[in-house]
Amino acid sequence: MSPNRLEPNRTERFSALYDDAYTDVLRFITRRTAPDAAEDVTHEVFLTAWRRLDTVPMLRDEARAWLFGTARNCLLREWREHGKRDELGVRIADATQTAPLRDEASHTDARLDLTAAWKRLEPSHQEVLSLAIWEQLPSSLAGTVLGISPQSYRVRLHRARAALRQHLDEPTPHTPSTLTEHQA
């Protein structure tokens with residue numbers, strides 16, 4: 001077989017993997033980098049998957065975890081190359097849920113509280129929580145993404161949840177922008 005000729009099964013397998021996981025991988029990366037770089041990094045992930053297709057797990061959930069781990073490594077490599085030393089952070093996603101008008105104020109307050117608490121979390125806690133919440137990975141696969149055991153992941157997840165609960169229970173620090181009537 002010539003090197004330029006594609007194996008039909010390989011092409012079909014990659015195409016199925018790409019169709020199934022592209023949106024999830026793009027979302028995963030978008031939460032961790034600038035939107036204008038997200039598609040480039042996503043394409044790098046799938047280029048890596050094409051090159052190493054024989055090592056990509058056959059089961060859907062395991063393949064997604066492999067892709068998320070590859071995405072994380074691509075992001076870390078990109079940041080090292082650009083001299084960025086910050087930890088891997090995760091931005092809280094914009095929820096596009098619509099709430100009835102009477103619940104809009106409480107919904108907005110809850111989102112503001114969650115956003116403020118999320119921003120105060122350590123990047124490592126954000127990452128662990130995002131794998132459980134947004135990527136919906138079980139601990140065995142989330143541990144694979146981070147390169148740790150499932151038990152270590154569960155311990156980190158427990159600590160991250162506790163930290164988020166603590167930040168939600170604490171009053172949000174506000175920067176005074178106007179004087180109150182009593183201060184004036």
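**Starting at helix 6**

In helix 6, the buried residues are Ser139, Leu141, Ala142, Gly143, Val145 and Leu146, where buried means under 20% relative accessible area, exposed over 50% and partly exposed in between, using a 1.4 Å probe and protein chains only. That's six of the eight residues in helix 6 (residues 139-146), so this helix is mostly covered. The cover over those buried residues includes helix 3, helix 5 (123-133) and helix 7. Contact here means heavy atoms within 4.5 Å. Just past the end of helix 6, glycine 147 takes a positive phi of about 75°.

A quick word on what you're looking at. This is a predicted model, in which local features need pLDDT of at least 70 and side-chain atom pairs count only at pLDDT 80 or more, while totals for chains, interfaces and linings use all residues. Residues are numbered from 1 along each chain as its sequence is written, and side-chain values use heavy atoms, with hydrogens and water left out.

Now zoom out. The protein has seven helices and zero strands, and along the sequence the pattern reads α-α-α-α-α-α-α. Helices (H or I, at least four residues) and strands (E, at least two) are DSSP runs, numbered from the N terminus. Of the 184 residues, 35% count as buried. Among contacts with a separation of 6 or more, 68% come from residues 24 or more positions apart.

Next, follow helix 7 (residues 150-169). At 1.5 Å a residue, its 20 residues should span 28 Å, and its end C-alpha atoms are 28 Å apart, which agrees; the expected span is 1.5 Å times one less than the number of residues. Tyr153, Leu157, Ala160, Ala163, Leu164 and His167 of helix 7 are buried. These residues cover an arc of only 130° around the axis, which puts them on the same side of helix 7; the arc is that of the directions from the helix axis to the C-beta atoms. On the other side of helix 7, you'll find His158, Arg159 and Asp169 exposed.

Helix 2 (residues 35-51) and helix 3 (residues 60-81) make a pair to look at. Their axes come within 9 Å and cross at roughly 120°. Axes are lines fitted to C-alpha atoms, for helices over the stretch in contact, and angles run from 0 to 180 degrees between N-to-C directions. Helix 2 and helix 3 are therefore oblique to each other: angles under 35 degrees count as roughly parallel, over 145 as roughly antiparallel, 65 to 115 as roughly perpendicular and the rest as oblique. On the helix 2 side, the contact is made by residues including Val41, Val45 and Phe46, and on the helix 3 side by residues including Leu67, Ala71 and Cys74.

Which residues does alanine 21 contact, leaving aside its neighbours within four places in sequence? They are Phe46 and Leu67. Alanine 21 sits in helix 1 (residues 8-30) and, at 2% relative accessibility, counts as buried.

Finally, click on arginine 64, in helix 3. Is arginine 64 buried or exposed? At 9% relative accessibility, arginine 64 counts as buried. Not counting residues up to four places away in sequence, arginine 64 touches Asp24, Glu135 and Leu137.
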